[in-house]
Every structure is written in C-alpha cells, then in structure tokens.
Amino acid sequence: MSNRYVCVPTVTVLAMMKARLTGAVKGHALLKKKADALTLRFRQILKKIVQTKQEMGKTMRAGAFALTEAKYAAGEFATTVLDSVESASVRVNAQQDNVAGVKIPRFERVMTGASDTKMHLTGLGKGGQQVQYCRKAYMTAVELLVELASLQTAFLTLDEAIKTTNRRVNALDNVVIPKLENTIAYIKGELDELEREEFFRLKKVQANKRKVADELVKRRLRENGPTPNGAKGALHDMMPGVDQDADIVF
Amino acid sequence: MYGFEALWFNIKDGYLDGVVRGHRSGLLTTADYNNLCQCETLDDIKLNLTGTDYGPYLANEPSPLHTTTIVDRCTEKLVDDWNKMRANADEPLGEFMDYCTYGHMIDNVVLIVTGTLHERDVHELLEKCNPLGMFDSIATLAVASSMRELYRLVLVDTPLAPYFSESLSAEDLDEMNIEIMRNTLYKAYLDDFAAFCRRLGGATAEVMGGLLSFEADRRALNITLNSIGTELTRDDRRKLYSNFGLLYPHGHHELAAAEDFDQIRSAMEKCPPYQAIFTKLGFGESQMLDKVLFEEEVRRLCDTFEQQFHYSVFFAYMRLREQEIRNIMWIAECVAQDQKIRINDGIVYLF
Amino acid sequence: MAQAGLPDGRLLAVIGDEDTVTGFLLAGVGNVDLRRKGNFLVVNEKTTVKKVEDAFKDYTQREDIAILLINQHVANLIRHLINNYARPVPAILEIPSKEHPYDPNQDSILLRVKNVLGGDLGAA
C-alpha cells in the first residue's frame, strides 16, 4: 500500500499522525499565504518590468540621440572618453528587501564622488555643452537601468521562490496531507477491526462458558434427578462468574 | 597690395583657385538637403547622394549601411580633394594648406598619445585618426611610454613641435589633463596660424584674419561656457584664450571672470558682431548657441568666395565640407534613429 | 570577495557598441583598476564572438559587478550563454543600441515574463 505511511496501527501512532496532520494543514495554509504574498508582489513587478523596459527603450533612444548631438558639436570624442576612465563615479549598492521571508536583492545607485573631472572637461574647446547634456541623458538612463536591474533580479528571485513554495504547497496538498489522512483512516480502521474482533471473542467466550455451565447443570440433573426448585440455584452455584464476569484474560 | 597680388596670383595659384571654386560648387544646396530630409532609410540617403560629388565614393557600399560608413566615405572625398590640391600647391599655398590641417593633427596626436598611455592597439588608434591630420611619423608616436619621452623622440620632428615647446613644460606633459593640453596646443596653433596669415599679407591676411578671430573668439566663448562649474580656474581659462580676435584682450578679462551664461552674454555683447548673434538667442538659451555659431561661421566662410586672389578659399572649402559632412551625419543619424522631427535642428544650410 | 566588501558599492559593467559604451562611460560607470582591467568592452565588427563570450563570463563571475548592461544585438551573439544564465546577481540587462531599436521579443527576461503572463505583453 503506497499511499500511506508504514506504521503499526496503535493509538499512540494514531495520536502522532493526527498531530502531524494538523501540522501539515497549518503549514499548508501558511505556505499558501506566502505563495499568495509572493505572487502578489510578483504580479506588481511583472507589470513594472514591462513598463520600465519600454520606458528604457525610450530613454536609451534619447541618450543615443543626445550622443549624436554631442558628436555633431564636439566631433569624435569617444576615444577620449574611453581613455579617460579611471574610477567609477556611479556605482550600485545591493540591499535586501524581505518579502514573506524571501530575500530580494535591491540595487541602489550611489554616486561615489570619485573624481570624474576629466569627463567634465571633455569637449572643452567645442561642444562641451552637448557632451554634458549627453552625460546627463545617460545618467538618467543609468538610474532607470539600475531600477530595472532591481526589478529583474526581484523577478528572477521571486520566480524561483514562488516555484519552490508552490512545489511545497503542492507536495503538502497532494502527497503529505492525503497520505496522513489515509494513514489515520487506516489506523482507525485497524483499531475498529481489532475492537470488533475483541467483542466477537468476548461473545464467543461467554457463549462457551454458558454452554459448559448448561452441560454441567444438565449432568447434575441427570445424576440427581430433576429438582425443579433447585435447578436454578444449582446453576448459580456452579457458575459464580457468569454474571459479574468482566475480565477474561487468556 | 591688392593690385599686385592679382599680377602673380593666377600664374602661381590660379589653377588650384579654379579647382577649389569648382569643388565649392559641388557642395550640397538647400534643394539637396530638402531631398535628403525626405529619406526614410539610409539606402535612400545613399541614393540621393549618388547624384552629388559623393556619388563615386558611396556607389560601391553594400547594404546594410551604417551612418559611420556614410560619414567615412564622405570624409574620404574631402581628403582626396584636399590631398590632390595639396600635391599641386606651390609655396606658400602649400604651407598655408598644411596650416589648415594642423588642427586635426593636434587632435590626432592627442588621440594617439592618450591611447598609447592606456595601452591601446596602435592600428585601432590610427584608424580613428582624422585622415586630414595624418603625418608621416604618426605611427611612431605609439612607441613612447611617457609624455616626456614622446616629446623627445617623436614630436620634435612634427610641425607641432613648436606648440609643445612654447606652451608646455616637461612637467606639464606628465600630469596635465588631456583636454587642457589639447586646448593649449590649439591656442598656440591658432596664434601661429594667424601670425602666418599676417606674414602672407594681402587679401589672405585680411580674410583669414576675420575667420581666425571668429574661430578664436568662438573657442574662448566655448571654453568659458564649458568650464563653468568645473575646477578650471580663471587663470587656467585665461591661458587657453588665443592672443588675438575681437575679444582680445578686454573681452577675455570679462570672459575669464564670467560665472554663468548671462555674464558671458554681456561680455560678448560688447562686440558688435557678436551682439547680432546673441540677439537671436533668448535669455538663458545656451543650447542653441552652437548652432547659431555654426551658422555664423558658415556665412563667413561662404563670403570668402566673394573675394578674389587669396588663399582663404581653401580653408573655407575645408571647413564648409566638414560642416556638410556633419550635416549628412546628422541627417543620417536622425533617419537611422527614427528621430526625423529633430532633423532640422542640426542642419546648417550652406547656400 | 575583497572587492565586494568595498564600502562604495559595486560596479556596472557594459558590453556594447562604441556609442553605447561611450555614453555610459560619460555618465561615470567606467572603472579601470590598478591592473588596468576595465569593466567595459567595445564591440565592433572586428570583435569575435569568443571575445564577447569571454568578457561575459568574466563580468558575470566578478564579485565587484552587480549589473551587466549588454546591447541587445550583442546579446544575440551569445544568446546561448544568456539563456543559460540563471543567477540573479549580477543582473543582466539587455539594452537597445542606436542602430538596433529595442525589440521586446528577443529579450531573455521579457520572454520569461511573457511566459508567466501567458503570452501577451501589451496587456500587462
């Protein structure tokens, strides 16, 4: 029998199984709640991801165009920029959000204040304004992208968490709880069966005893002759345990 | 002086004068730009350009085209024109033409130098150099590992050597911000170019004087505008201004002290020619300034063709062609990035 | 791990065409450490897929990088790597480039979003 736990059907095990069942049901309810909370957050994030991605498309386009404007005004400055890189002035800090016990990394843009004066002076002779304008456009883009990165990691983490949680919920729902219920039913059934057997045995013993007593009475009657008055009394004398017989032990 | 110039000019430089004026008539007109603006794809642009002087250069470009390809091919056309003329030029026209390209040379040197200091591949760097500013020993720039060595080994042999030695000490070379170095060199170059034109005398001196002082003033204006809010001090700024031009010297004092756009504006407006430019701008509108200045430059460059017997036409041709290439780049970018609403913001019509 | 412990946060890395990289470097994301190891790669016609792959692997394994920005058309070159990339950090972001406008249908992440939402991106 695969759909129940292998156990000895006794009252103790029954109590244990019942405790496990309550635990499982409670756990199921909690996990379900968690899954719901996660899914709720997940849905919000999904919406935002799609929006932000589309917004990013626009922002990046604006950025690319600002770069074109800068190139128009300042000439070819890409190499200068590539070569003046020293230390990042824009970095991200990873923090953790907690949604129903799931840790979600969240990024935050930080300006380190590292000297990027080299960038400030790009296009000093001509087109510097456009370069700075382009710089700002890309700063906006970075901000948006950092936000998007947060959303995206949240998406991946939540996706994973929801899958695990759902797996657990389903495992409880479809495997553990039915199995426990089956086991309990089985134990109950076995116990009932035992009880019925016991009852039947008692009946049998009683009937047996009665038969023996009857035969005794009959034999006495046969030996002593019928004594209509004394028959009953004799029976009682012979079987003192029939009426108050409660504990028969084999 | 005018009459005498005409005596020898056509004997010596008449041919090239004719050639450059011919090239000038090949520049795109407003009608051409209108057609270009109607283009939907880069291939359309190519098709439109095949009817112009750029035709042979773009004809064999396979699709898909990139804006950079178009710009490169157009630049190639200018470079070919320029080199052909340079090869035929007699002195001092040859020297004059060399002077015109020193600006690009400065850019190239700066580019190679920074690239080398950051251990970049030399061939990659050479590809990015402006072909007009190429010189024979440019590839050897990459052998140097420090600025001082660079100067000692390579730069002394280039035409730029005096600019380096005049304005930069060895210590400067090691730690100077590359942009400041570029602008210091450019200032030295402009001063030198202006002096050279004065030596040439005649109509060349007159016309080039106007063009160069505009260029110098524009640089001064840009440097001021772009250094607001940076760590560049007044004196640093002051050092980057050229020693001639309409703003020299009083305007420079005011510019050096200027802290915002309106102060710059009031400094500039004291010069009548610039007053006209600034009245076109609303208060606080520094964004449009570049374009207005480009337009003014183009107007001045076009005017040079009205005079005879001087070398400025070569300079003007180069600058106009460059502006035209910028226009083409702008149009191509607008088309490629699907931003056609902005297309008119960047075109400076030449004629 | 030593680098990740830096108080001033982690880096953004960029793999993309020259314009994109230039733009982001202008914004100040660029970082070159003492060993001259940068956090950006310029991809042009001459860049081999191998190089892009290496850079991708390198950046995704570095502790000091939190976000990796990659141009979509470059991402398409190494799509197999990106689709198999499952870790949440560093986050991979596909960004449009100048000549390749953003196409949501190629984005690995958005495709997953789409799966979850049941197909229609527009309705989300």
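Start by selecting chain C: 45% of its 124 residues count as buried, where buried means that 20 or more other C-beta atoms, placed from the backbone, lie within 10 Å of a residue's own. What you have open is a predicted model, in which local features need pLDDT of at least 70 and side-chain atom pairs count only at pLDDT 80 or more, while totals for chains, interfaces and linings use all residues. Residues are numbered from 1 along each chain as its sequence is written, and chains are lettered from A and ligands numbered from 1 in the order in which they are written.

**Chain C**

Switch to cartoon and you'll find 5 helices and 4 strands in chain C. These are DSSP runs numbered from the N terminus, with helices being H or I of at least four residues and strands E of at least two. Follow the sequence through chain C and the order is β-α-β-α-β-α-α-β-α. Of the contacts in chain C between residues at least 6 apart in sequence, 67% join residues at least 24 apart; a contact here means C-beta atoms, placed from the backbone, within 7 Å.

Now pick Leu69(C). Which residues does Leu69(C) touch, leaving aside neighbours within four places in sequence? Within chain C they are Leu12(C), Ala13(C), Val14(C), Gly16(C), Phe24(C), Leu93(C) and Ile95(C), and from chain A there is Leu145(A).

**The core**

Leu69(C) also turns up in the largest nonpolar core, a set of 183 residues in which Leu145(A), Ile67(C) and Leu69(C) have the most contacts. A core of this kind is made of buried Ala, Val, Leu, Ile, Met, Phe, Trp, Tyr and Cys residues joined through C-beta atoms within 7 Å. Color helix 4 of chain A next: with 24 residues, helix 4 provides the largest share of this core. In soluble globular proteins, nonpolar side chains tend to be buried together.

**Where chain A meets chain C**

Show both chains: 45 residues of chain A are in contact with 39 residues of chain C. On the chain A side, select helix 1 (11-74), helix 2 (78-83), strand 1 (90-99), strand 2 (102-111) and helix 4 (128-224), each of which supplies at least two residues. Helix 4 gives the most, 15 residues. Color this side of chain A by class and you get 30 nonpolar, 9 polar and 6 charged residues; Ala, Val, Leu, Ile, Met, Phe, Trp, Tyr, Cys and Pro count as nonpolar, Asp, Glu, Lys and Arg as charged, and the others, Gly among them, as polar.

**Chain B**

Move on to chain B, which has 19 helices and 0 strands. Its radius of gyration is 21 Å, close to the 20 Å that the globule rule gives for 351 residues, so chain B is as compact as a globular protein of that length. That radius is taken over C-alpha atoms, and the rule is 2.2 Å times the number of residues to the power 0.38.

Color chain B by domain, using bounds from an automatic or database assignment: domain 1 (1-88 + 311-351), domain 2 (91-200) and domain 3 (201-308). The C-alpha centres of domain 2 and domain 3 of chain B lie 24 Å apart, and their contact takes 12 residues from domain 2 and 17 residues from domain 3.

Bring chain A back: 29 residues of chain B are in contact with 24 residues of chain A. On chain B, helix 6 (93-117), helix 11 (178-200), helix 12 (202-227) and helix 18 (312-336) give two or more residues each.

Last stop: Ala276(B), in helix 16 (residues 272-279) of chain B. Is Ala276(B) buried or exposed? Ala276(B) counts as exposed because it has 12 C-beta neighbours inside 10 Å, and the cut-off for exposed is 12 or fewer.

Notes
Two residues are in contact if their C-beta atoms, placed from the backbone, lie within 7 Å.
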